[in-house]
Amino acid sequence: MTSLEADRELIEIPAAPPLVSHPPQPAAPSTDQQPGWPNVHAADTLIVAAEIGTYAPRALSRFLRSPTALTGTLILLAIVTAALAAPLLYPDDPLAMVARPLLWPGQNAAYPLGTDSLGRDIAAGLLHGARVSLLVGITATIIGLTLGILVGSTAGYVGGRTDDALVRLIELFQTIPSFILLVVLIAIAQPSIATITWAIGLITWPTIARLVRAEFRSLREKEFVMAARSLGYGHTRIIFREILPNALPPIIVTTSVMVASAILMESALSFLGLGDPNVVSWGSMIGAGRELLRTAWYLTALPGLVIVITVLALNLIGDGLNDALNPRFSKDA
């Protein structure tokens, strides 16, 4: 036997693995995952879903238990109901002359709030003016919210140079006094309900944009956002389905303040004679009665009182929303 053959005998050759007579059975599906959500455990998912499902009812319950919020809601509902009922109660043109000028409130039962210097019914003007003021306030707020959310979410989520450029744009709008910019825009365009609404929306978006940007900057690195990115979700879905719902509480609270500010801006424009001359609003009624403030003070006091009540109701609702959506009270029943 040669030395090479002896070395071969010393080498241990591993045994071949045994043949498998039956194919391996597939592993049973895991019960701790939900369909379409890989790497997400069912227990954690159920906990998060339960928290989200119970947050809204708790917030609504806290809102309804708040005396200030309930008072503001009832007042605002009464104003909205009166505005909707204006065509039924006063179907005629509120700008038409219907009686003797300068009838004081209570002097004629047919005109319980009196008439102005042109013989127009003040009650009809208040109800129809509520439609104009609320329409401008709500629509302008929607425009401002849309622009502010788009700009703020893009700046806060993307960051970098995009964030710097959008922040400079926001600061540019905020360096100009908002009401002066509003007057300039209305003076350039023809004063109408559409132009006033768009102008108010264009000057109010920077406030909501800064708020949304701050919320997105604080939420974009949270665990749930990182999990959404690891699952391959696109940027649009992450922005509008993951981050934005978590940033809604301060946005909702700010919305009530924006509606009140828009109503005040429209009233100020109408008071200065820059409102739509074809419609009646609370501001135009105040402007029409300013020359008779000493002899017929009710011409400005009545629409001014309605504006104060409406703005107060919106502020009360904003305070109630702030308490209801405040994270410090999230553990309340």
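1. In helix α3, residues A69, G72, L76, I79 and A83 are buried (under 20% relative accessible area; exposed is over 50%, partly exposed in between, with a 1.4 Å probe and protein chains only). Viewed down the axis of α3, these buried residues fall within an arc of 100 degrees, so they line one face of the helix; the arc is taken from the directions from the helix axis to the C-beta atoms. Exposed residues P67, L74 and T81 sit on the face of α3 turned away from its buried side.

2. This is a predicted model, in which local features need pLDDT of at least 70, side-chain atom pairs count only at pLDDT 80 or more, and totals for chains, interfaces and linings use all residues. Residues are numbered from 1 along each chain as its sequence is written, and side-chain values use heavy atoms, with hydrogens and water left out.

3. The whole structure contains three aromatic pairs (Phe, Tyr or six-membered Trp rings with centres within 6.5 Å; planes under 30 degrees apart are stacked, over 60 edge-to-face, the rest tilted). W104 and W297 form an edge-to-face pair, 5.9 Å centre to centre with 75 degrees between the planes. The two residues are 193 residues apart, W104 in the loop between α4 and α5 and W297 in the loop between α12 and α13. Ring pairs link W104, W297 and Y298 into a cluster.

4. At 34% relative accessibility, W104 counts as partly exposed, and W297, at 48%, is likewise partly exposed.

Methods. Helix = DSSP H or I, 4+ residues; strand = E, 2+ residues; numbered from the N terminus.
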